[in-house]
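Subject: Structure handover

Hello,

Here is the structure for you to take over. Please open it first, then read the notes below it.

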Amino acid sequence: MARLAPGHLLLLDDMAKLTRRPLPPLDFLCELFIVDETSPSGLRRKKTVSSNAQEGSVAGTYAPKTRYWVVNITHNGKKYSYYVHRIIYAMATGKNIDDIFIDHIETQTKKNVIKNLREASHKQNMRNRGKSKSKYTSNYKCVYWNERRQRWIAKMQADGKYVWIGTFDSEIEAARAYNEAALKHHGEFASLNDVPN
């Protein structure tokens, strides 16, 4: 099993904390922010809280390592970081989402608009991940070139188990086969390859 670098472990730990961290009260969030689709983060400041957080300015900072927008909030004398998409969903729906994962439907974590957000379990949220950035993958998710067989392979994970989809002559055939298998196993939370018809 590959070992992660200490910095990578820290990053994963920080992401987990941000995902599970309870949000400040909804009325407090509504005092600070406005949900605004014209903002790059999806959120704007409603009032000035510091020289770096002026009324009307974009709320949050995009973190390339996690690929999420994050905003710092001071509440009851303590300062914490929160995922912007969680704040947007809570403000737009009025729900308490402290124990709920919020998933990006199109897997575009920069697109923090309410129509691209939905409630999910941890398992559903993990199913809807985009293509791995590993150098060993093809242009498509869950498609790999097998040097020994000189063919493309499609395989995936479902409910913690590997699912062998098959071997194919072309990368696109393998990507289409993955799409069919993903829909079968993951339903509406399947993250599909964008392949030509």
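Predicted model: local features only at pLDDT ≥ 70, side-chain atom pairs only at ≥ 80, totals over all residues.

Lys 155 sits over the face of Tyr 162, 6.0 Å from the ring centre. Lys 155 also lies over the face of Tyr 144, at 5.5 Å from the centre of that ring.

The overall picture

The chain has 197 residues, and 39% of them are buried. Five helices and ten strands make up its list of elements. The accessible surface is about 12,300 Å². Carbon and sulfur atoms account for 50% of that surface. Take the contacts between residues at least 6 apart in sequence: 40% of them join residues at least 24 apart.

Salt bridges

Side chains of opposite charge can pair when their charged atoms come close. The count for this chain is four salt bridges. Here are some of them.

Asp 36 and Arg 44 meet through their side chains at 2.7 Å, N to O. The relative accessible area of Asp 36 is 19%, and the cut-off for buried is under 20%, so Asp 36 counts as buried.

Arg 118 and Asp 103 form another salt bridge, at 2.9 Å from N to O. This pair links distant parts of the chain. Arg 118 is in strand β7 (residues 117–120), and Asp 103 is in strand β6 (residues 101–104). The two are 15 residues apart. Both Arg 118 and Asp 103 are buried.

Asp 169 and Arg 151 pair at 3.0 Å, N to O. Asp 169 is in the loop between β10 (161–168) and α5 (171–186), while Arg 151 is in strand β9, so the bridge ties together parts that are 18 residues apart in sequence. What about exposure? Asp 169 is exposed, because its relative accessibility is 61%. Arg 151 has 27%, so it counts as partly exposed.

Helix α3

Look at α3 next, residues 84–93. Eight of its ten residues are buried, so the helix is largely enclosed by the rest of the structure. The buried ones are Val 84, His 85, Arg 86, Ile 87, Ile 88, Tyr 89, Ala 90 and Met 91. Just after α3 comes Gly 94, with a positive phi of about 75°.

A buried serine

Where is Ser 41? Ser 41 is in the loop between β1 (33–35) and β2 (43–45). Its relative accessibility is 0%, so Ser 41 counts as buried. A polar atom of the Ser 41 side chain is 3.1 Å from the backbone oxygen of Leu 43. Leave out residues up to four places away in sequence, and Ser 41 touches Val 58, Ala 59, Trp 69, Val 84, Ile 88 and Asn 112. Val 84 and Ile 88 are also among the buried residues of α3.

An arginine in a loop

Arg 21 belongs to the loop between α1 (6–20) and α2 (26–32). Which residues does Arg 21 contact, leaving aside its neighbours within four places in sequence? They are Tyr 80, Ser 81 and Tyr 82. One polar atom of the Arg 21 side chain lies 2.8 Å from the backbone oxygen of Ser 81.

Most residues other than glycine have a negative phi. Two loop residues deserve a look here.

Asn 76 has a phi near 55°, a positive value in a residue other than glycine. Asn 76 is placed in the loop between β4 (68–75) and β5 (78–83). Asn 76 counts as exposed because its relative accessibility is 68%.

Gln 150 is not a glycine either, yet its phi is positive, at about 55°. Gln 150 lies in the loop between β8 (143–146) and β9 (151–158). With 46% relative accessibility, Gln 150 counts as partly exposed.

Best wishes

Key. Residues numbered from 1 in each chain as written. Heavy atoms only, no water. Helix = DSSP H or I, 4+ residues; strand = E, 2+ residues; numbered from the N terminus. Buried < 20%, exposed > 50% of the residue type's maximum accessible area, 1.4 Å probe, protein only. Polar contact = N/O pair within 3.5 Å; in protein donor to acceptor, adjacent residues only side chain to side chain. Contact = heavy atoms within 4.5 Å. Lys NZ or Arg CZ within 6 Å of the ring centre and 35° of its normal. Areas by Shrake-Rupley, 256 points an atom, 1.4 Å probe, with all protein chains shown as cover.
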